[in-house]
Structure formats: structure tokens, C-alpha cells
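Please look over the sequence and the structure below before reading on.

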Amino acid sequence: KLNPRAVAPDRLTLPPTAFSAESAVERPGPFAWNPETKAFVWNGQPLRAARTWTFDGSTDGFVMGGGEVEPAEDGGLRVAARIFDSAIRTPSGLALQGRQYTHVLVRATRLAGGPQWDGALHYVTETHPESAQFTAKPFQGEKPEVNETVILAYDMTRPLAGGEDWTTSVIDRIRIDFDDAAGGEFLIHQVAIT
């Protein structure tokens, strides 16, 4: 079990990176981020989001267990895995109707390679905590390479495990596992539940 705590900003040890947003290659797909409207789109059509986080100078309440998290200087959220099975978590108390908001989108750039990709999404409802019995994997954006930007798209109507639980529940919190081992680092640009 991980301790889902945030690392205090004065204790962060993330090294500076030579990465710049302009140098990353963005993988194409039906989901995309529109910087003008500051919203995700699907095949060019805007999506309605219940929550969108953009990390403009803040963690927006996200925490990381087993790693370090800090706002990036030029925008976004830098995360670094320091142990096996590290994960980021949204704030709790989302109170979202799963039947209305069925997709989770995470736009991220890999800054440093990790030995083992995971990409799993877990979630909490009023009836259950995080569990492998309620999990999804992205159908878009799988296994990003270093300096590649992807949109991890999770269709919660077709999870890896859990059946119709998402669509019949009120979602309290979401957890996302990037790498399954220490070493990987990411810049998360935006996260939305649409």
C-alpha cells in the first residue's frame, strides 16, 4: 500500500530538465487539446468536461504517492516516480456522475524513461476504495516515448475490470499509475473528466 501524500514543495528534489514543450512530438489521435479554447476536443468537436485541471503554477490539489510532484516553471505538473507502483491522485470529493462523464483524458509528455510502463487508472466511489477490481487502461496514448506528448484516453464504459461500476457510481477520486517502477518522469499538461 502506498502512502498517498503530497511531497511538500520545499522538499522536492526534481532535477532541472532540458525539455521544452516545443521540442516534444505530439502523437496524433482523435482526442486533442485546443489551446485557444483551453479544452479537449474529439475529432475537432469540443467535449463537455465536468473537471479540467491545467496546473497553472499549482498542483491543483493533485498528490503523488511514491514520488515527487511540483508545478513546472513553464506550466504543467512535473511528476517523478521514485518507487515501484507510484501514482498520482486527483483531489477527493469530485462527486461526479459516472454515467454522464465517461472519459478521462490525460495529456502528458514523458521527460525520462522508465523501465516498465503501466498506465492504469483506478478510482474511488462511496462503495469501494482503489482496487484492481475497478481499473482501466488507455485506448489512446499507450506507452509514450521520451519527449513524446500523448493524450491518454480512458473509456470508462469499457474498463479492464469493473464492468458497469463507473457508469452506475458517483466518482470521488481518480488515481493514475504512469510507470510500474522507479525512474520515469512526466510533465502533465492537462487532465479532464469529460
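Predicted model: local features only at pLDDT ≥ 70, side-chain atom pairs only at ≥ 80, totals over all residues.

Is R110 buried or exposed? R110 is buried, because its relative accessible area is 5% and the cut-off for a buried residue is under 20%.

## Overall make-up

The secondary structure of the protein consists of 16 strands and 0 helices. The protein has 194 residues, and buried residues make up 49% of them.

Contacts can also be sorted by how far apart the two residues lie in the sequence. Of the contacts in the protein with a separation of 6 or more, 76% are between residues 24 or more positions apart.

Strand β2 (residues 31–34) pairs with strand β3 (residues 39–42) in the antiparallel sense, over 4 bridges. In this pairing F31 stands opposite W42 in β3. The hairpin of β2 and β3 has 4 residues between the strands, and K38 there takes a positive phi near 55 degrees.

Strand β3 is also joined to strand β4 (residues 45–46), by 2 bridges, and these two strands run antiparallel. The bridge partner of V41 in β4 is P46. In the hairpin of β3 and β4 there are 2 residues between the strands, and N43 has a positive phi near 50 degrees. As a general point on strands, side chains in a regular strand alternate between the two faces of the sheet.

## Salt bridges

The count of salt bridges is 12. One of them joins D179 to R110, with the closest N and O atoms 2.8 Å apart. This pair links distant parts of the chain: D179 lies in the loop between β15 (170–176) and β16 (185–193), R110 lies in strand β11 (residues 103–112), and the two are 69 residues apart. D179 counts as buried because its relative accessible area is 2%.

Another salt bridge is formed by the side chains of R175 and D177, at 2.7 Å from N to O. Both R175 and D177 are buried.

## A linked network

E68, E70, R78, R82 and E185 are linked in a network of salt bridges. Within this group, E70 forms a salt bridge with R78, and their closest N and O atoms are 3.9 Å apart.

Why does E70 count as buried? E70 has a relative accessibility of 19%, and the cut-off is under 20%, so E70 falls on the buried side. R78 counts as buried too, with a relative accessibility of 8%.

## The cavity

How many cavities of 30 Å³ or more are there? The count comes to 1. The largest cavity has a volume of about 50 Å³.

Its lining is made up of M64, V79, A80, A81, S86, F178, D179, G184 and F186. Strand β8 (residues 77–81) gives the largest share of this lining, 3 residues. By type, the lining residues divide into 6 nonpolar, 2 polar and 1 charged.

Terms used. Residues numbered from 1 in each chain as written. Heavy atoms only, no water. 1 Å grid on protein atoms, 1.4 Å probe; cavity = no way out; pocket = protein on both sides within 12 Å on 5 of 7 lines; lining within 4 Å. Points joined across faces, edges and corners; volume = space filled by probe spheres on them. Nonpolar A, V, L, I, M, F, W, Y, C, P; charged D, E, K, R; others polar. Salt bridge = Lys/Arg side-chain N within 4 Å of Asp/Glu carboxyl O. Buried < 20%, exposed > 50% of the residue type's maximum accessible area, 1.4 Å probe, protein only. Pairing = 2+ DSSP bridges. Contact = heavy atoms within 4.5 Å.
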